[in-house]
Amino acid sequence: MSISPSYSLSPLPFSFPFPPPQNPNPRIITPLSSQTPTLTLDPDNKIVERGVEFSAGDSFFRSESATGRDLAVLSAALHRRSTGRLRVLDAMCGCGVRSLRYLRQADADFVWANDANEDYRGTILSNLSGIPRVSEGGERRWVVTHSDANRVLVESYLHRDFFDLVDVDSFGSDSMFLRSAVAALKIGGLLYVTSTDGYSSGGHRPQHSLASYGAYVKPMPFSNEVGLRMLIGGVLREAVALGFFVSPLFSYYSYHGPVFRVMLRVSRGKLPENSHYCFISYCNRCGHSQAFSWGQLGQISCPCSNGEVSRSLVVSGPLWTGPLHDGYYVTEMLKLAEEWGWTSAGNKDVDLEKLLNQMIDESDPELPFGYIKLDEVASRAKVNSPPLKAMISTLHEEGYAASRSHITPNAIKTNCPMAVCIQIAMRLQKC
Ligand SMILES: C[S@@+](CC[C@H](N)C(=O)[O-])C[C@H]1O[C@@H](n2cnc3c(N)ncnc32)[C@H](O)[C@@H]1O
Ligand SMILES: [Zn+2]
């Protein structure tokens, strides 16, 4: 066991490409009252999530994030089953609910629960107290620390103390830890990251998304999918710098927040020439969307402009343009959720079975980035919005790939151009 209770968190004795630790993320010291909305609970109030009891104490805790935690635990358990080992670093653990669930439900061999806020210590320890600190074989099962996430991640990397799953549940578009999180993972390990920056994904501060994720993002009608793609692209950029490649296993948007969550698998590799790390465009005049590789940068124009430079074209990128999920992997998650009875007894407002099935449909490699809102099709066609089911089955009949989007209820993902969608909508509405 490489971690002991006296694990050193001394100043970093090395040169590593991160801002110096004497300027920690101000969110650590921001009073909770001025952070993103918090569900305040009586310190003794017990919460039960998927049968696991814990207390949130005075920590930042959102019951709405339960689905994000369900998805993480399913992934962790699959990893444990397929590799026979699961060491987790929960770098921003809050009250420690994820750490607890990784231990109890995913049968983690070891969990490191870290949160910069030392005031949460009592709550975290109390939540984990039901799990013996040491296994029958004499191995440490969990440890609690209060350090900056980056420091924990970098020190793990430097100690060659690699993890199977690194979970960084951060606020806003904090991306400082992305490279260190990748570095702290075993090859084949899982990285679970979060962004809650809806302004950046909405294209309202492109300089900010450029700084955080390396993507210049402009307003587009499918901005909530762009948020996921911006986050994946940001991780990819950092991973590639270390000689690794990442691919998304699942991507989850939740309107509470909003919150963008992505689980990625890290493998050794380079960015291929024809990678899904590209630019995307949306034409405000005709509604057509396209992806452009780096090699096509000088030739961006919409078919509606007959090859001329078009002022109606909005371009964002670079970001991830490949599938949002691995369909085979999400199918395994669904099977496990069924085995555990999580598909019948749902969270308050999210049906896990429906969500996972939508993700499986969305992972069709024929589907491009983005989604088309049926209201936009209707408005361009000057008809009432066509029924979603009828629209999808007509698209399938005509040979196009089409699915719902887990992000927006009245929208479709399809490789059918907007102009053809408009014609189909007109036909369906008998115009
Ligand atoms: C969104 S909350 C975590 C919630 C928790 N993962 C859950 O599922 O309930 C983010 C946590 O990160 C902590 N935090 C913020 N900046 C940090 C940093 N740089 N290093 C470590 N922890 C940090 C905050 O104290 C807060 O508890
Ligand atoms: Zn156009």
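Guide: Start with residue classes. Ala, Val, Leu, Ile, Met, Phe, Trp, Tyr, Cys and Pro count as nonpolar, Asp, Glu, Lys and Arg as charged, and the others, Gly among them, as polar. This is a predicted model, in which local features need pLDDT of at least 70, side-chain atom pairs count only at pLDDT 80 or more, and totals for chains, interfaces and linings use all residues. Residues are numbered from 1 along each chain as written, chains are lettered from A and ligands numbered from 1 in written order, and side-chain values use heavy atoms, without hydrogens and water.

Visitor: How many nonpolar, polar and charged residues are in the shell around ligand 1?

Guide: The shell has 11 nonpolar, five polar and five charged residues. A residue is near a molecule if one of its heavy atoms lies within 4 Å of it. Here 21 residues surround ligand 1, and the closest are R98, D115, D148, A149 and D169.

Visitor: At what angle do helices α7 and α8 pack?

Guide: Helices (H or I, at least four residues) and strands (E, at least two) are DSSP runs, numbered from the N terminus. Axes are lines fitted to C-alpha atoms, for helices over the stretch in contact, and angles run from 0 to 180 degrees between N-to-C directions. Helix α7 (206-213) meets helix α8 (223-241) at about 40 degrees, with axes 9 Å apart. So α7 is oblique to α8. Under 35 degrees is roughly parallel, over 145 roughly antiparallel, 65 to 115 roughly perpendicular, and the rest oblique.

Visitor: Which residues make the contact between α7 and α8?

Guide: Contact means heavy atoms within 4.5 Å. From α7 come S209, L210, A211, S212 and Y213; from α8, M230, L231, G234 and R237.

Visitor: Where are the cis peptide bonds?

Guide: Most residues other than glycine have a negative phi, and most peptide bonds are trans. G257 and P258 are joined by a cis bond, omega about 0 degrees. P258 sits in the loop between β8 and β9. The bond from G317 to P318 is also cis, with omega near 0 degrees. P318 belongs to strand β12.
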